[in-house]
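Here are some notes to read with the model open beside you. They are meant as a friendly tour, point by point.

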Amino acid sequence: MRVLVTGGAGFIGSHSVEALLAEGHEPVVIDDLSTGHARNLTPGVRLIRASILDARALAEAIAGCETVLHLAAIVSVPLSLERPLDCHAVNATGSLQVLEAAHRAGVRRVVQASSAAVYGEVEPPIGEFAPLVPLSPYGLQKRMAEEYGRLYGLHHGLEVISLRYFNVYGPRQDPRSPYSGVLSRFADALARGEPTVIFGDGQQTRDFVFVGDVARANLLALTAPGSFAGEAFNLGAGRAISVLEAHAAIRAAVARESDTARPGGAPAHLPLRHEPARSGDIRHSLARVDAARERLGWQARVPFGEGISRTVHHAIGTPVDPASGTRD
Ligand code: UD1
């Protein structure tokens, strides 16, 4: 199956491209490389370097594709508060462009990345039928993309499945921006022996799900037999972990890993600072994951400890790019 992967050179995208290749599919990637890297892609994968807002490039990329995995987005809650228009353009209008291009190209199924942010502050564990009252422009933009997907099913027969990712982490998540996911920031800083910051008291909890599990869910959603038009599924591990607990787990993994890499070389001093809680942050987040298990046959497999070890291993093993100051 030929699959267009928008944002395929990014964090979740590149893992999804690998999962597609491993099953013998043919991924085609469109990515503007705003946060992704061409080096994330397996050599030989076709990369069209363009934004999803470029209708012509999108039409060219989508030609001949049976399905679309739409991951391209500006993925940050705080950034969507600072730059709502830019984020809206990519996350809402861009998603609409992808749906329109898919409809025109006769695509059968679109699987799109949505987010737990569509729920806002809801009593956990959060099921798919919880009220959708996003607290950030980002959550609202993802909700709009879901609703557009439902309408394309209703009016054009395009089957659109939305996957509501909870907090995805793992190797290749960019740690160097203030908007990066918390675990990649902790792993990178602690691996370098640099200070880490916890916003608020650190007792806030998240449902952290490993990127390899998410890539497998994407593949299942693209290929599952049956019809799922307009449906949305939570993708989480189903376990709440506090930011403080996660910090401790990463610190322990860094100490273990540094000792293996350089005996006696574990960083001696790893300062931790508390700063005020971020505005727009939710307090607790935990997914109910029964629907994905029952309908798609998916559940997270990688335990948190193992996922953390792999993330830390990557952070320690990846040299810093001297030009950009970022890791692979
Ligand atoms: C994350 C995703 C978002 C997704 C949401 C779904 C990222 C960058 N964001 O948002 O796209 O919609 O999950 O659940 O992947 N924190 C610290 N120190 C730091 C960084 C963060 O204490 O250095 C705290 C934050 O204040 C927050 C928690 O860690 O309380 C998680 O933050 P973050 O990783 O940015 O993710 P979410 O805001 O949950």
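1. Leaving aside neighbours within four places in sequence, which residues is S285 in contact with? The answer is F166, T205, R206 and D207, where contact means heavy atoms within 4.5 Å. S285 sits in the loop between strand 13 and helix 9; helices (H or I, at least four residues) and strands (E, at least two) are DSSP runs numbered from the N terminus. With a relative accessibility of 2%, S285 counts as buried; buried means under 20% relative accessible area, exposed over 50%, and partly exposed in between, with a 1.4 Å probe and protein chains only.

2. Before going further, please keep in mind that this is a predicted model, in which local features need pLDDT of at least 70, side-chain atom pairs count only at pLDDT 80 or more, and totals for chains, interfaces and linings use all residues. Residues are numbered from 1 along each chain as its sequence is written, and side-chain values use heavy atoms, with hydrogens and water left out. The pLDDT is the predictor's confidence in each residue, from 0 to 100. The protein chain averages 93, and 93% of the residues score at least 70. Over residues 322–328, however, the pLDDT is below 50, and this stretch has 22 contacts in the model beyond near neighbours in sequence.

3. Now to the ligand. It is surrounded by 23 residues, and the closest are S115, V182, V197, R206 and D281; a residue is counted here if one of its heavy atoms lies within 4 Å of the molecule. V182 places a backbone N or O atom 2.7 Å from a ligand oxygen. R206 has a polar side-chain atom 2.7 Å from an oxygen atom of the ligand. For Q204, an N or O atom in the side chain is 2.9 Å from a ligand oxygen. R206 is also one of the residues in contact with S285.

4. The nonpolar interior deserves a look. In soluble globular proteins, nonpolar side chains tend to be buried together. A nonpolar core here is a set of buried Ala, Val, Leu, Ile, Met, Phe, Trp, Tyr and Cys residues joined through side-chain atoms within 4.5 Å. The largest has 55 residues, and L163, Y165 and I250 have the most contacts inside it. Helix 7 (residues 211–223) gives the most to this core, with 7 residues. A second, separate core of 26 residues includes I48, I52, C65 and V90.

5. Not counting residues up to four places away in sequence, Y165 touches I12, L71, A113, S114, S115, A116, V214, N218 and L235. Among these, S115 is also one of the residues closest to the ligand.

6. How many salt bridges are there? The count comes to 21, taking a salt bridge as a side-chain nitrogen of Lys or Arg within 4 Å of a carboxyl oxygen of Asp or Glu. One of them pairs E60 with R46, with the closest N and O atoms 3.6 Å apart. This pair joins helix 2 (residues 55–62) to strand 3 (residues 46–48), 14 residues apart. R46 is partly exposed, at 38% relative accessibility.

7. In another salt bridge, R283 and D201 meet at 2.9 Å, N to O. The two are 82 residues apart, with R283 in the loop between strand 13 (272–275) and helix 9 (290–296) and D201 in the loop between strand 8 and strand 9 (205–206). Both are partly exposed: R283 has a relative accessible area of 35%, and D201 has 36%.

8. R176 and E194 form a salt bridge too, with the closest N and O atoms 3.9 Å apart. R176 lies in the loop between strand 7 (167–169) and helix 6 (182–192), and E194 in the loop between helix 6 and strand 8 (196–199), so the pair ties together parts 18 residues apart in sequence. A network of salt bridges links R176, D188, R192 and E194.

9. Finally, some backbone details to check. Most residues other than glycine have a negative phi, and most peptide bonds are trans. L33, in the loop between strand 2 (26–30) and strand 3, has a positive phi near 60°. R172 has a positive phi near 80°, and its side chain makes a polar contact with that of S14 at 2.8 Å; a polar contact is a pair of N or O atoms within 3.5 Å, where within protein one must be able to donate a hydrogen and the other to accept it, and residues adjacent in sequence count only if both atoms are side-chain atoms. P124 and P125 are joined by a cis peptide bond, with omega about 0°.
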